[in-house]
Amino acid sequence: IARRAFPGDPGTGAVRERIEHRMLAAQSGSDGFGFMGALAALAQALHGADGASVVALSFHDGGLDLQLKAQDAAHLEHIDQSLRSSGWQAELVSDTASGSTYAGHIQARAPGASH
């Protein structure tokens, strides 16, 4: 299981220690752009977008992929702008109206992260 979860892992040491090491590396990132930095920037962005919520979130290779729901397109744009103000290279890829809510897809990358 550990080999599938960690491709390229040498497989030495206790599995728990290897998982903790990977989690710490993902959390720290560089210059606040790791996983925890991404969550902090997202929390700040959501704070100013009343009623917006995260439907799905993934973080991989310095990139944050978000599926969001909001009251209107302006709230989605606010989240996108707030992520950019925090230093992320963010792009509102799509937004669609569905009844009284908007669904949006935002991709954000840490500066210098590959696409």
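# A walk through a predicted fold

Of the 115 residues of this protein, 30% count as buried. The model is predicted. Keep that in mind as you look around.

Start with the parts list. The protein has four helices and four strands. Read from the N terminus, the elements run α-α-α-β-β-α-β-β. Take the contacts in the protein with a separation of 6 or more: 46% of them join residues 24 or more positions apart.

Now find the sheet. Strands of a sheet pair through backbone hydrogen bonds, either parallel or antiparallel. Which kind of pairing does this sheet have? The pairing is antiparallel. Four strands make up an open sheet, in the order E1-E2-E4-E3. E1 and E3 (89-98) are the edge strands, and each of them pairs on one side only. From one strand to the next, the twist averages 10°. In a regular strand the side chains alternate between the two faces of the sheet.

Look at one end of that order. Strand E1 covers residues 53-60, and strand E2 covers residues 63-70. Seven bridges join the two, which run antiparallel. E1 and E2 form a hairpin, with two residues between them. Asp61 sits in the turn and has a positive phi of about 50°.

Move to the other pair. E3 is joined to strand E4 (residues 101-109) by nine bridges. E3 and E4 also run antiparallel. Here you can look for Ala90, whose bridge partner in E4 is Ala108.

Next, bring in a helix. H3 lies across E1 and E2. H3 runs at about 155° to E1.

H3 meets another helix as well. Two packed helices are described by the angle between their axes and the distance between the axes. Apply this to helix H3 (residues 35-47) and helix H4 (residues 73-85). Their axes come within 8 Å and cross at roughly 140°. How are H3 and H4 placed relative to each other? An angle counts as roughly antiparallel over 145 degrees. The H3 and H4 axes cross at roughly 140°, and H3 and H4 are therefore oblique to each other. H3 passes H4 in a right-handed crossing.

Which residues meet at this crossing? H3 brings Ala41, Leu42, Gln44, Ala45 and Leu46. H4 brings His78, Ile79, Ser82 and Leu83. Sorted by type, the residues of this contact are six nonpolar, three polar and no charged.

Zoom in on two of these residues. Gln44 lies in helix H3, and Ser82 is found in helix H4. In sequence they are 38 residues apart. In space they are 7.6 Å apart, C-alpha to C-alpha.

Is Ser82 buried or exposed? Ser82 has a relative accessible area of 13%, so Ser82 is buried. The cut-off for buried is under 20%. Gln44 has a relative accessibility of 53%, so Gln44 counts as exposed. For exposed, the cut-off is over 50%.

Finally, see what each one touches. Leave aside the neighbours within four places in sequence. Ser82 is then in contact with Gln44 and Ala45. Gln44, with its own neighbours within four places set aside, is in contact with Ser82 and Ser86.

Note on methods
Residues numbered from 1 in each chain as written. Predicted model: local features only at pLDDT ≥ 70, side-chain atom pairs only at ≥ 80, totals over all residues. Heavy atoms only, no water. Pairing = 2+ DSSP bridges. Axes fitted to C-alpha atoms, helices over the stretch in contact; angles between N-to-C directions. Parallel < 35°, antiparallel > 145°, perpendicular 65-115°, else oblique. Left-handed = near helix turned anticlockwise from the far one by under 90°. Contact = heavy atoms within 4.5 Å. Nonpolar A, V, L, I, M, F, W, Y, C, P; charged D, E, K, R; others polar. Buried < 20%, exposed > 50% of the residue type's maximum accessible area, 1.4 Å probe, protein only.
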